[in-house]
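Please view the sequence and structure before reading on.

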Amino acid sequence: MRCHLIKTQIALETLFEKLSSTQVIALDTEFLRVRTYYPKLCLVQIASHGEVYCIDPLAVDLGIDQVRDILIDAHKTKILHAGRQDIEVLYAHCGQVPLNVFDTQVAAAMLGLGDQIGYADLVELFTGKSLEK
């Protein structure tokens with residue numbers, strides 16, 4: 001799986017153009033919530049078609065309109081794991097709640113696997129493969 005660091009506006013625009021025809025994306029965020037009322041978005045990770053994109057909003061003027069367009073596109077499925085806080089931070093920065101979200105932790109709970117199963121444990125349970133940290 002190839003990983004791309006997105007830290008320029010041109011790279012960001014190229015990414016969103018590439019994702020415009022994608023129907024399923026995996027999404028994760030990293031954020032800082034120390035000494036602040038609202039979480040500070042520090043990293044947006046998107047995976048699609050065997051590629052991982054790490055968007056550095058601290059280096060790039062994060063194209064909020066482009067992010068919002070992807071988040072509210074009901075034709076795209078956004079896959080998250082334990083996504084409550086991701087949704088919260090994205091809402092704080094984009095003013096929109098993502099549509100068509102599939103949360104793997106919620107799905108696991110609905111299958112009776114407990115409400116706090118971690119992603120690595122879930123992958124190992126279903127595939128037998130252990131993920132590196």
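The notes below set out the basis of the model and then its features, grouped by topic.

The model is predicted, so local features require pLDDT of at least 70 and side-chain atom pairs count only at pLDDT 80 or more, whereas totals for chains, interfaces and linings use all residues. Residues are numbered from 1 along each chain as its sequence is written, and side-chain values use heavy atoms, with hydrogens and water left out. The largest pocket has a volume of about 530 Å³, and the search of the whole structure also finds one cavity of 30 Å³ or more.

**Terms for voids and elements**

- Lining residues have an atom within 4 Å of a point.
- Grid points are joined across faces, edges and corners, and a volume is the space filled by probe spheres set on the points.
- Helices (H or I, at least four residues) and strands (E, at least two) are DSSP runs, numbered from the N terminus.
- In the lining counts, Ala, Val, Leu, Ile, Met, Phe, Trp, Tyr, Cys and Pro are nonpolar, Asp, Glu, Lys and Arg are charged, and the others, Gly among them, are polar.

**Pockets**

- Lining the largest pocket are 18 residues, and those nearest its centre are Ala26, Leu27, Ala47, Val52 and Tyr119.
- Two or more lining residues come from each of β1 (2–6), β2 (24–32), β3 (40–48), β4 (51–55) and β5 (77–80), and β3 gives the largest share, four residues.
- By class, the lining of the largest pocket comprises 10 nonpolar, five polar and three charged residues.
- The second largest pocket holds about 320 Å³ and is lined by Tyr119, Ala120, Leu131, Glu132 and Lys133.
- The lining of the second largest pocket has three nonpolar, no polar and two charged residues.

- The largest cavity has a volume of about 50 Å³.
- Its lining consists of Phe16, Ile25, Leu27, Val44, Ile46, Val67, Ile70 and Leu71, with β2, β3 and α2 (64–71) each giving two or more residues.
- Helix α2 provides the largest share of the cavity lining, three residues.

**Strand pairing**

- Two strands pair if DSSP finds at least two bridges between them.
- Strands β2 and β3 are antiparallel and joined by seven bridges; Glu30 has Leu43 in β3 as its bridge partner.
- Strands β2 and β5 are parallel, with three bridges, and Ile25 stands opposite Lys78 in β5.

**Histidines**

- His4 belongs to strand β1, and its side chain makes a polar contact of 2.4 Å with that of Glu51.
- A polar contact is a pair of N or O atoms within 3.5 Å; within protein, one must be able to donate a hydrogen and the other to accept it, and residues adjacent in sequence count only if both atoms are side-chain atoms.
- Beyond its neighbours within four places in sequence, His4 is in contact (heavy atoms within 4.5 Å) with Glu51, Val52, Tyr53 and Cys54.
- His93 lies in helix α3 (residues 84–94).
- His93 counts as partly exposed because its relative accessibility is 31%, the class between buried (under 20% relative accessible area) and exposed (over 50%), with a 1.4 Å probe and protein chains only.
- The C-alpha atoms of His93 and Pro39 are 8.9 Å apart in space, although the two are 54 residues apart in sequence.

Notes: On a 1 Å grid over the protein atoms alone, a cavity is a set of points where a 1.4 Å probe fits but cannot get out, and a pocket is an open set with protein on both sides within 12 Å along at least five of seven lines; lining residues have an atom within 4 Å of a point.
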